[in-house]
Amino acid sequence: MDSTPPTTGPWSSGALHKALKRHFGYDTFRPHQEEIIQDALAGRDVFALLPTGGGKSLCFQLPAVMRPGLTVVVSPLVALMKDQVDGLSDAGVAATFLNSTLKKTESTARLRGLYQGAYRLLYVAPERLTLSGFLSELPKWNVNLFAVDEAHCISEWGHDFRPEYRDLQRLRELLPATPIMALTATATTRVRLDIVEQLRLREPCRHVGSFNRPNLFYRVRPKQEAFEQVLAYVGKRRQESGIIYCQARKTVEKLAERLSSHGIRALPYHAGLTPAERTENQERFIRDQVQVICATIAFGMGINKPNVRFVIHYDLPKNVEGYYQETGRAGRDGLPSECLLLFSTGDAIKQQVFIDEKTNPQEQEIARQQLRQMLQYAEQPGCRRDSLLAYFGETYPKSNCGGCDNCLEPHETFDGTIAAQKLLSCVYRIREKGRFSVGLNHVVAVLCGARTERVQQWGHDTLSTYGIGTEFSRNDWLAIGRELVRHGLLAQSNGQFPTVEISPEGRAFLKHRPPLTLTKPKTKPVVVAVPRDGEIPCDEFLFQRLRDLRRRLADERDVPAYVIFSDVALRHMAREYPQSREELLGISGVGEAKLRAYGEIVLAEIQRHLAAHPRQTFPPLR
């Protein structure tokens with residue numbers, strides 16, 4: 001982690017905390033938020049990398065309400081704009097958006113409000129913002145900050161490059177004195193540097209938070225009868241919202257249909273649907289009218305639904321960066337949530353076929369490298385949290401995170417000395433006979449005694465290592481080979497047809513034959529405890545009553561339920577039983593506007609509950 005020193009600025013910490021409670025109902029800032037807000041209020045350019053759920057939006061929303069002028073927020077997703085504006089309006093903040101969903105009369109009225117200074121925040125898509133006619137009007141609206149959300153989209157080195165983001169460079173030319181804040185949740189070091197360069201940030205204050213999401217539990221299971229696995233998993237969580245990611249549109253449609261036929265409220269989301277269908281399905285999910293959304297990676301960017309309790313990857317993700325971002329859509333409210341990846345080598349083979357069909361050699365090589373990194377994550381026996389953080393250059397300080405399957409139920413191990421010797425010897429003999437290298441699949445075919453065309457054509461069925469590995473299945477040998485690559489005993493080449501060679505370390509191993517411990521692949525579903533970080537014990541019956549009340553209030557106002565109150569706020573109410581307006585205002589997430597709008601009805605619901613049920617006591621929160 002790194003962060004430039006916070007500025008003193010004209011705003012005291014006390015003033016920021018007072019505004020935070022008044023407008024948004026929170027008593028404390030999350031890591032880096034206060035420093036970022038101070039820098040923004042001081043008129044500096046800012047680069048902020050905070051994990052999903054780390055509170056990026058507040059970094060530009062709070063400055064917007066603390067001073068006159070307009071904050072323009074660049075957002076790539078239409079649904080996010082409405083979502084954010086609904087939440088801000090409910091908190092008493094003047095905000096609006098302009099996009100293609102509005103009727104002409106609505107757009108005209110909002111533009112009139114912008115000229116009159118009626119708004120503190122304006123949400124707009126990059127392609128609309130950079131239209132010449134739109135750009136020419138910006139100087140008339142007293143813009144004091146440009147906030148570029150999902151800023152990694154501007155970089156070709158990122159996992160979600162969007163060409164329309166490149167035009168945002170023009171903002172610096174048009175309003176050179178207006179500061180720019182770039183925000184993202186996923187960016188490698190190379191992408192971070194590219195964002196700063198592309199947006200032409202001037203000596204930006206850089207704030208990089210931890211990528212660790214302690215409330216998320218990471219789990220990888222072997223993919224066996226995938227639909228039945230998903231049905232069993234979701235069936236035990238019928239009161240919880242979840243996202244299931246698939247690689248293909250056809251899989252999305254079929255999975256949503258089959259889940260629905262088994263009584264699970266599920267809808268599809270992919271680029272093949274019409275914009276109206278996508279919007280409707282997403283809206284129903286956001287409003288808890290369906291439990292599950294089955295989606296391609298087209299879904300999710302910027303979705304502000306805080307109570308997603310699980311994310312399932314039905315197919316192997318293409319890269320670790322995308323996987324991290326997609327799992328990050330779970331547990332944005334800080335409550336315990338799970339991330340399940342169903343893994344099979346068959347999925348990896350399918351992806352390799354798609355990669356081979358790419359016409360750009362550079363794109364092919366990048367995709368192959370990303371796939372290898374994803375395979376290493378899925379198959380590794382070590383801590384998954386440590387692996388994810390290491391990918392982004394962060395070191396995890398503990399040897400056991402207590403929040404992944406490998407830490408809570410480690411892989412079984414076995415003495416793999418002889419197996420490693422057999423595989424490495426086979427690689428050596430193949431190379432010795434033909435003076436050329438082959439891929440791991442061919443090595444395994446020789447070990448297993450397969451009579452393939454190439455094995456016979458190249459005379460590898462006459463090698464001393466032919467058929468000496470019948471004690472393991474083909475998939476087991478492939479897993480052993482990949483583990484030897486991770487151990488550094490085998491070196492795998494790049495390219496369309498990667499080959500394997502014995503590394504110097506592998507040669508030393510064959511010469512000295514030290515003992516080697518390898519891991520057994522998990523072949524059965526593993527049941528481990530859910531994470532405890534972020535748990536808020538409370539009166540569950542009262543919590544459900546408050547959820548039902550929130551649902552009614554949200555339906556009356558035509559907004560998502562979490563716009564009224566978050567699950568976190570409801571859980572605090574259900575453990576503290578506030579009896580007065582002052583006590584209710586002390587609940588995290590209850591600001592002055594929400595107190596005025598909902599205070600009396602919430603207090604009355606709590607009183608009705610206490611009239612029929614005894615008050616419970618709970619241990620202090622960790």
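1. Arg368 and Glu365 form a salt bridge through their side chains, at 3.9 Å from N to O. The model is predicted. The cut-off for such a pair is within 4 Å, so this contact counts as a salt bridge. Both residues belong to helix H15 (residues 361–379). They sit 3 residues apart, which means about one helical turn separates them.

2. Arg368 is buried, at 4% relative accessibility. Glu365 is partly exposed, with a relative accessible area of 24%.

3. Arg384 pairs with Asp405 in a salt bridge, and the closest N and O atoms are 2.7 Å apart. This pair links distant parts of the chain. Arg384 lies in helix H16 (residues 384–391), Asp405 in helix H17 (residues 405–408). The separation is 21 residues. Arg384 and Asp405 are both buried.

4. Arg309, Asp333, Arg550 and Asp567 are joined into it by salt bridges that share partners.

5. Glu283 and Arg287 also meet through their side chains, in a salt bridge of 2.8 Å from N to O. Glu283 is partly exposed, because its relative accessibility is 23%. Arg287 has a relative accessible area of 7%, so it is buried.

6. How many salt bridges does the count come to? The total is 34. The pairs Arg368 and Glu365, Arg384 and Asp405, and Glu283 and Arg287 are among the salt bridges of this model.

Notes: Residues are numbered from 1 along each chain as its sequence is written. This is a predicted model: local features need pLDDT of at least 70, side-chain atom pairs count only at pLDDT 80 or more; totals for chains, interfaces and linings use all residues. Side-chain values use heavy atoms; hydrogens and water are left out. Buried means under 20% relative accessible area, exposed over 50%, partly exposed in between (1.4 Å probe, protein chains only). Helices (H or I, at least four residues) and strands (E, at least two) are DSSP runs, numbered from the N terminus.
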